[in-house]
2 protein chains.
Amino acid sequence: MTRWLDDGEQRTWRAFLAASQRIQEELDRQLQRDSGMPHTYYAILVRLSEAEKRKMRMSELAGSVGSSPSRLSHAVARLEERGWVRRVPCESDRRVSWAVLTDEGLAVLVAAAPGHVEAVRRTLFDRLGPEQVGQLAEICMEILHDAVLQDPAS
Amino acid sequence: MTRWLDDGEQRTWRAFLAASQRIQEELDRQLQRDSGMPHTYYAILVRLSEAEKRKMRMSELAGSVGSSPSRLSHAVARLEERGWVRRVPCESDRRVSWAVLTDEGLAVLVAAAPGHVEAVRRTLFDRLGPEQVGQLAEICMEILHDAVLQDPAS
DNA sequence: GTACAATGCTTGAGAGTTCAACTTTCCACC
DNA sequence: GGTGGAAAGTTGAACTCTCAAGCATTGTAC
């Protein structure tokens, strides 16, 4: 009954796994080594830096970086300890917390960005032609499109 | 000096991150829920099941699943606790350990496989056309090709 | 044959993630 | 205006991963 993967699919799948794993690890290692933070923390700082007044609600931020509420809560707690992010209670809805990027956090991000972008180029874009970049974008959009991604059983 | 990403690259990069993250999480969740193990453990069982006599040296296995020696050592320790893998010392080189997939481990793998393959289809292959699958394979090969992936500074 | 480096693997501590509660606040309804 | 449920976040425990250090064993050079 199971629709097993044929040889081509098998190869594609394993290549995809290996490639994405490798990129993730390389970026994590680079950021950890050069800036003392994992990639997920970097993504949080980036997203905050782009937001109006450098602040976002926790849930919005979580959705934006593709993180669970719990993960984000833990992460922001660590970022707050380092003084890179501050949590401010929302006046109009007291369930809500604002996460605010501090000046110090922005400085750390600015310092980390060039090395990170270099790593992204080295691991991904420098290896692909322009057509492939377009194809990859298209493919990833399809994967994300209407991303139910749920098991029918659940 | 930094070669920043242009808008198209930026979008591609974020789509790629989101897509690969999403697939990883979906697979991990499915396997954890239905078979009580993370995806990395599943990969270890798969690789062992394909090996001659269902056994491999730890270092070989680590390379094969793209894991650090340390990670594999921890993982196999857990798998051994569950009785799915056994470690056997090598006679000819006593530094070496063989990891052996047990009958019980094979049974668990066989039980887990259909649900996993379904998840892979649902999250990836069902969303792409045949051309895109080919393109994706090609792209991932390029990413892995001659994968130095090292920072010049190191 | 004895020092010394390299190899194979393991270990422990620190850090991040997950999952299932749990608290607080808001909203809708009667 | 109370009540029940939904929404927003947090917390703690269990688990995995990483990194650096460590222990044997093997290979190499003198």
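Where does Thr102(A) lie in chain A? Thr102(A) sits in the loop between strand S3 (97-101) and H5 of chain A. Helices (H or I, at least four residues) and strands (E, at least two) are DSSP runs, numbered from the N terminus. At 11% relative accessibility, Thr102(A) counts as buried; buried means under 20% relative accessible area, exposed over 50%, and partly exposed in between (1.4 Å probe, protein chains only). Leaving out residues up to four places away in sequence, Thr102(A) touches Arg54(A), Gly83(A), Trp84(A), Val85(A) and Arg86(A), where contact means heavy atoms within 4.5 Å.

This is a predicted model, in which local features need pLDDT of at least 70 and side-chain atom pairs count only at pLDDT 80 or more, while totals for chains, interfaces and linings use all residues. Residues are numbered from 1 along each chain as its sequence is written, chains are lettered from A and ligands numbered from 1 in the order in which they are written, and side-chain values use heavy atoms, with hydrogens and water left out.

**Chain A**

Chain A has six helices and three strands, in the order α-α-β-α-α-β-β-α-α along the sequence. Taken along the principal axes, the C-alpha atoms of chain A fill a box of roughly 55 × 40 × 25 Å. Of the 154 residues in chain A, 45% are buried. Among the contacts in chain A with a separation of 6 or more, 51% are between residues 24 or more positions apart.

**The interface**

The size of an interface is often given as the accessible area lost when the parts come together. Chain A and chain B bury about 6000 Å² between them, 63% of it on carbon and sulfur atoms; buried area is the accessible area (1.4 Å probe) that two parts lose on being put together, summed over both. In this interface 64 residues of chain A are in contact with 64 residues of chain B.

The rule finds 18 residue pairs in polar contact across the interface of chain A and chain B (both at pLDDT 80 or more). A polar contact is a pair of N or O atoms within 3.5 Å; within protein, one must be able to donate a hydrogen and the other to accept it, and residues adjacent in sequence count only if both atoms are side-chain atoms. On the side of chain A that touches chain B, H1, helix H2 (39-50), H5 and H6 of chain A each supply at least two residues. The largest share of that side, 20 residues, comes from H1(A). Its residues divide into 31 nonpolar, 14 polar and 19 charged; Ala, Val, Leu, Ile, Met, Phe, Trp, Tyr, Cys and Pro count as nonpolar, Asp, Glu, Lys and Arg as charged, and the others, Gly among them, as polar.

**The nonpolar core**

The largest nonpolar core has 40 residues, and those with the most contacts inside it are Trp13(A), Leu124(A), Trp13(B) and Leu124(B). Such a core is a set of buried Ala, Val, Leu, Ile, Met, Phe, Trp, Tyr and Cys residues joined through side-chain atoms within 4.5 Å. Helix H1 (7-35), helix H5 (103-123) and helix H6 (130-144) of chain A, and helix H1 (7-35), helix H5 (103-123) and helix H6 (130-144) of chain B, each supply at least two residues of this core.

Not counting residues up to four places away in sequence, Trp13(B) touches Ile23(A), Leu27(A), His116(A), Val120(A), Leu124(A), Phe125(A) and Leu5(B). Leu136(B) is found in helix H6 of chain B and is buried, with a relative accessible area of 2%. Neighbours within four places in sequence aside, Leu136(B) is in contact with Thr12(A), Phe16(A), Ile139(A), Leu124(B) and Leu128(B).

**Salt bridges**

Side chains of opposite charge can pair when their charged atoms come close. Here a salt bridge is a side-chain nitrogen of Lys or Arg within 4 Å of a carboxyl oxygen of Asp or Glu. The count comes to 24 salt bridges over all chains, and the rule finds 10 across the interface of chain A and chain B.

| Residue | Partner | N to O distance |
|---|---|---|
| Arg121(B) | Glu9(A) | 3.0 Å |
| Glu9(B) | Arg121(A) | 3.0 Å |
| Arg3(B) | Glu118(A) | 3.6 Å |
| Glu80(B) | Arg87(B) | 3.1 Å |

Arg3(B) forms its salt bridge with Glu118(A); Arg3(B) lies in the segment before H1 of chain B and Glu118(A) in helix H5 of chain A, so the pair joins two chains. Arg3(B) is partly exposed at 40% relative accessible area, and Glu118(A) is partly exposed at 30%.

Glu9(B) is bridged to Arg121(A); Glu9(B) lies in helix H1 of chain B and Arg121(A) in helix H5 of chain A, so this pair joins two chains. Glu9(B) counts as buried at 16% relative accessibility, and Arg121(A) is buried at 8%.

Glu80(B) is partly exposed, with a relative accessible area of 29%, and Arg87(B) is partly exposed, with 27%. Arg3(A), Glu118(B) and Asp126(B) are linked in a network of salt bridges.
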